Amino acid sequence: MQITITRTTTPKAKPDWKNLGFGKYFTDHMFVMDYTDGIGWHDARIVPYAPFALDPATMCLHYAQETFEGMKAYRHEDGSISLFRPLENIRRLNNSDKRLCIPALDEEDVLQAIRELVKVDADWVPTDYETSLYIRPFVFATDIGVGVHPSHTYKFVIILSPVGAYYPEGVNPVKIYVEDEYTRASIGGTGFTKAAANYAISLAAQEKAQALGYTQVLWLDSVEKKYVEEVGTMNVAFKINGTVITPALGGSILPGITRKSMVELLKYWGHPVEERKLSIDELIEAAQNGTLEEAFGTGTAAVISPIGELYYEGKTYTINNFKTGPLTQKIYDALTGIQWGKTEDPFGWVVPLETK
Ligand code: COI
């Protein structure tokens, strides 16, 4: 793919690497490519980061035909930069797009676009351990008009943001509210995709939980409100009686790449791990009888995030004395060790980038 590069003439000042927060700063450049029916994807370009001018009738603004991804570039101690399982994200983007009638992207073209963009903005990849450059590819419908049908034109864009921890708690335990009123996704819907609309749907519950002092919501299935699904910003896993249990993917849960890596790591270590249905009753019973030993979330933004408290039906359940459990810490250390190049990568997950 031919990518034209126009460099900014007014580079921005870099933020303080020690106080990045999450998703607050954006780099000097972005990647943009257009799609037109009959032509396909065309005009791949890296341009200075800037706003788009959108007609008020642009379709994505009305019917949410939009998908996105989240991945990271990591700075290793020797100064090199690498990605983590990027093809997994690119394939998931195409799966999301298929569900939303958005035309497929060529996997190698997307990887090339990420490589070239990170290379152009390489000095924005922060240097401290546990900081990274968050990569946000997204696709949106650009046809102009009111009327519900798949767009005939789209934009594929990649923006970059140097980030620290997603939660203000950092890597300390978060408090999670088990949501038993609203639901996030149903079988046959878009729960397995990163459709932007999935996140809009989650906001009312998140607001409610946050008003009660909870960081995020744990979703239950939409039919019986019986089975644990995911948190919305991360997948979840629970260590009950020595075994790590994570809800099986069934169409309504996002197939997280950190989740998949966590399961593969546990299998590699020979640690018992099950992907299966987990009812809220089984979880609460384990919390009550002391067999719920640890709980954590997994996600690109959240990494491995310990869960220290659950709220369900008016009661709170503290997990592991609100401390990060030893297995949670071990998974966090192993995963971040591989991502930041501190430990060997026996799986071939790390993809080095050329930066010169
Ligand atoms: C990610 O983990 O990359 C996500 O896209 C979650 C998002 C809510 C920040």
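Tutor: Let us begin with a term: a salt bridge is a side-chain nitrogen of Lys or Arg within 4 Å of a carboxyl oxygen of Asp or Glu. Please keep in mind that this is a predicted model, in which local features need pLDDT of at least 70 and side-chain atom pairs count only at pLDDT 80 or more, while totals for chains, interfaces and linings use all residues. Residues are numbered from 1 along each chain as its sequence is written, and side-chain values use heavy atoms, with hydrogens and water left out.

Student: Okay, how many salt bridges does that rule give?

Tutor: The count by this rule is 18 salt bridges.

Student: Which residue does Arg184 pair with?

Tutor: Arg184 forms a salt bridge with Glu230, at 3.3 Å from N to O. Arg184 sits in the loop between E9 and H4, whereas Glu230 sits in the loop between strand E10 (216-218) and strand E11 (235-240), and the two are 46 residues apart. Helices (H or I, at least four residues) and strands (E, at least two) are DSSP runs, numbered from the N terminus.

Student: Is Arg184 buried or exposed?

Tutor: Arg184 counts as buried, because its relative accessibility is 7%, and Glu230 is buried too, at 2%. Here buried means under 20% relative accessible area, exposed means over 50%, and partly exposed is in between (1.4 Å probe, protein chains only).

Student: And what does Glu88 meet in a salt bridge?

Tutor: The partner of Glu88 is Lys260, with 3.0 Å from N to O. Glu88 belongs to helix H2 (residues 86-99) and Lys260 to helix H5, so this pair ties together parts that are 172 residues apart in sequence. Glu88 is partly exposed at 22% relative accessibility, and Lys260 is partly exposed at 32%. Through salt bridges that share partners, Arg85, Glu88, Lys260 and Glu264 are joined into one network.

Student: Switching topic, what about H5 itself, how many residues has it?

Tutor: Helix H5 has 13 residues, 257-269, and spans 18 Å from its first C-alpha to its last, close to the 18 Å expected at 1.5 Å a residue; the expected span is 1.5 Å times one less than the number of residues. Its buried residues include Ile257, Met262 and Leu266. After H5 comes Gly270, with a positive phi near 75 degrees.

Student: One more: where is Lys208, and what is its partner?

Tutor: Lys208 makes a salt bridge with Glu181, at 2.9 Å from N to O. Lys208 is in helix H4 and Glu181 in the loop between E9 and H4, 27 residues apart. Both are partly exposed, Lys208 at 23% and Glu181 at 46%.
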